[in-house]
Amino acid sequence: MLDDLFIRADHLAPGSFVYLKLEGLNPAGSVKLKTAVALVNQAEETGRAFPRTRLIESTSGNLGVALAMVCAAKGYHLTCVTDPTANAQSVRLMKALGAEVVVIDRRDRNGGFLQSRIDYIGERLLREPDTYWLNQYANPAGPRAHRERTGRSISETIGHVDHVFIGAGTTGTLMGCAEFFRQHSPHTRIIAVDSVGSVTFGGPPGRRHIPGLGTSRRPEIVDEDLVDEVVLVPEARAVEMCRMLAEERGLLLGGSSGTVLAAVAEKAKEIPAGSVVVALSPDFGERYLETVYNDDWVAERWPGTTSDDIAENSRARVRV
């Protein structure tokens with residue numbers, strides 16, 4: 001796994017040194033490979049019999065792909081429970097890697113699908129005693145992997161870091177990195193980036209369209225005391241950032257990455273000149289070609305918005 005590839009993105013916070021950590025070059029295409037390895041290792045440590053045991057997990061896409069890759073290599077059975085917002089390419093990748101994929105289309109009480117996915121897993125566990133839930137939402141193995149790998153990589157590669165921006169999905173990456181910096185670099189300011197409509201940090205629930213960040217059910221591993229600030233980004237703003245970076249910088253990034261970088265641009269005026277800023281990019285944009293980078297998909301969700309409007313709005317926001 002690649003842990004230390006960074007590129008500069010100083011234009012997002014003029015006067016500061018902005019480093020973008022690219023996780024899309026990991027073999028599974030996202031930061032979730034580290035989580036997947038840790039979760040499967042933890043399952044093996046329970047003493048269950050493998051490969052007889054079937055692993056099951058709820059996923060919006062990237063973790064499912066990473067788990068499918070790990071389980072294929074180990075000869076384990078895997079069921080990925082996802083929903084209609086998952087990128088079609090991610091679903092195809094899970095299936096191509098041998099995973100069973102179950103799509104849950106029943107929304108939960110907060111308007112998302114997460115609790116409905118978890119309810120389905122609960123039903124499977126009752127019916128199938130040889131099935132084991134990896135449970136990224138409560139399993140400390142996920143944050144531990146990112147404390148030992150992702151957070152440490154940032155520190156060892158960049159050195160002094162003043163601000164680190166990390167997206168909050170299931171929050172394993174965020175919590176692990178925050179734990180590392182709290183212990184080894186307490187001056188580093190931890191900025192959690194979430195989507196408008198997510199309930200993770202107590203915001204009101206709302207309809208969301210881009211998988212990866214945000215939840216309709218608060219993960220058990222969340223510890224707000226480890227976070228200095230939470231920035232909520234509207235999904236339309238994340239789309240603007242993704243498209244601007246693709247058209248002007250040649251960076252094809254995923255929706256979560258666009259959300260994180262939109263937060264950096266939003267907070268730029270508050271970041272003291274000369275600061276060292278690190279932003280985590282969870283994945284690349286190939287899995288979002290039919291969504292974030294598709295004019296029809298965007299116009300359907302944000303009517304009256306054209307591709308040119310999105311690009312110009314993003315350029316204007318970054319310049320301000």
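The legends below describe several close-up views of one predicted model. Local features are taken where pLDDT is at least 70 and side-chain atom pairs only at pLDDT 80 or more, while totals for chains, interfaces and linings use all residues. Residues are numbered from 1 along each chain as its sequence is written, and side-chain values use heavy atoms, with hydrogens and water left out.

**View 1. Two domains in contact.** The domain assignment, automatic or from a database, divides the protein chain into domain 1 (6-29 + 140-318) and domain 2 (31-133). Their C-alpha centres lie 24 Å apart, and the contact (heavy atoms within 4.5 Å) takes 30 residues from domain 1 and 28 residues from domain 2. The buried area, meaning the accessible area (1.4 Å probe) that two parts lose on being put together, summed over both, is about 2,400 Å² between these domains, and carbon and sulfur atoms give 54% of it. On the side of domain 1, S216, R217 and R287 lose the most area to domain 2, together 28% of what that side buries.

**View 2. A salt bridge between side chains.** A salt bridge is a side-chain nitrogen of Lys or Arg within 4 Å of a carboxyl oxygen of Asp or Glu, and the side chains of E23 and K34 form one at 3.0 Å, N to O. The count of salt bridges between domain 1 and domain 2 is one.

**View 3. Packing of helices α7 and α8.** Helices here are DSSP runs (H or I, at least four residues) and strands are runs of E (at least two), numbered from the N terminus. Helix α7 (residues 235-249) packs against helix α8 (residues 255-267) at an angle of about 95°, with their axes 8 Å apart, and the two are therefore roughly perpendicular to each other, a term for angles of 65 to 115 degrees. In α7, R237, A238, M241, C242 and L245 meet residues of α8 that include G255, T259 and L261.

**View 4. Backbone details in two loops.** F50 and P51 are joined by a cis peptide bond with omega of about 10°, and P51 is found in the loop between α1 (32-45) and β3 (54-58). N135, in the loop between β6 (131-133) and α5 (141-158), has a positive phi near 55° although this residue is not glycine.

Terms used. Axes fitted to C-alpha atoms, helices over the stretch in contact; angles between N-to-C directions. Parallel < 35°, antiparallel > 145°, perpendicular 65-115°, else oblique.
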